[in-house]
Amino acid sequence: MSYQDTPAMQNMPSKSAILKAMSGEPFKEAAADGFILGGFIWRHALPDPQRAVVIINAATSVRCRHYGRFAAYLFANGFDVITYDYRGIGESRSASIKGLDASWTDWGALDFEAMLKRAQRQFPGQPIDVVGHSFGGCAAGLGESGRVIRRLVTVGAQFAYWRDYAPEQRWRMFGKWHLLMPLLTLLCGYFPGKRLGWLEDTPSGVVRDWSKPAARYEQRPSGRALLEKTGALPFANVGAQTLAISISDDPYGTIAAIERLLGYFSNAQKTHLRIAPQDIGEQQVGHFAFFRSAYQATLWPIALTWLQTGALAPDTPGRQVPRS
């Protein structure tokens, strides 16, 4: 059976069906510390213990609305779906984030954890799957309840260690994210990314975590604090069937960067799929484009099939990266 003949391709909803389902139902959810988070839910009318609910974790400072079409695609293919914004971003932002000292660990251990608890409460008995983009894949390992995750798909997932950046862009990216970003944050009290056209405005604690040139998550400021508080990072709680997708022209998601994060998921069943744009007839894809509707027919079915079956279709594009 060819890749184009897989169930995911045969059952692909029409563009009009996806657009019709695009606007999920808005919700508010309090994290354990009382911070109010906002997001959207796509929920089928009748409960079904065989139907999984998928939580989508965004990249750093990317609004959850960016994933709306992909969420609607999963919903049209039989999943319930939750998208949400981390504190300080999009639906989870107050008028100003100046002085909001939220960190990457807050986004995972508090905000993502709140979504895991909401999924268990609102969809009792249903399997829970997660899709994590960029830092969203790291956040999937920071929730205390990570053991409830059945399947995990990550896309370009890493925690921005500068030596892992693609060599041809490494120094430009280092200057942008590890020198200029923290300097502007120091001056403004937050990173004014929206004004610059560089992602959304970002809380200062996240900037400190991102810009710290450390190879280990527990060496980042909030990772170190979490380790001191709990004695161990919670990644080992995740035993999910895990597919890490990386794109060869993604300057953040190099093989080294993906493998660095995957190493933390010590109890997960891990597969690393490396895709070149040419494998799907494209010249470039990069770090952010996977979730755009232009890739509904080529990239989305890979994630869908994994969420449905925990396996890759026989003719999935790309190659599996050997893992030691």
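## Surface positions

Leucine 187 is exposed, because its relative accessible area is 65% (exposed is over 50%, buried under 20%, partly exposed in between, with a 1.4 Å probe and protein chains only).

Alanine 76 is partly exposed, at 37% relative accessible area. Its place is in helix 3, residues 68-76. The C-alpha atom of alanine 76 is separated by 30 Å from that of isoleucine 258, 182 residues apart along the chain.

## Basis of the model

This is a predicted model, in which local features need pLDDT of at least 70 and side-chain atom pairs count only at pLDDT 80 or more, while totals for chains, interfaces and linings use all residues. Residues are numbered from 1 along each chain as its sequence is written, and side-chain values use heavy atoms, with hydrogens and water left out.

Nine strands make an open sheet with mixed pairing, in the order 1-2-4-3-5-6-7-8-9 (two strands pair if DSSP finds at least two bridges between them). Strand 1 (25-30) and strand 9 (319-320) are the edge strands, each pairing on one side only.

Strand 3 (residues 53-57) and strand 5 (residues 128-133) run parallel and are joined by five bridges. Isoleucine 55 has valine 130, in strand 5, as its bridge partner.

Notes: Helix = DSSP H or I, 4+ residues; strand = E, 2+ residues; numbered from the N terminus.
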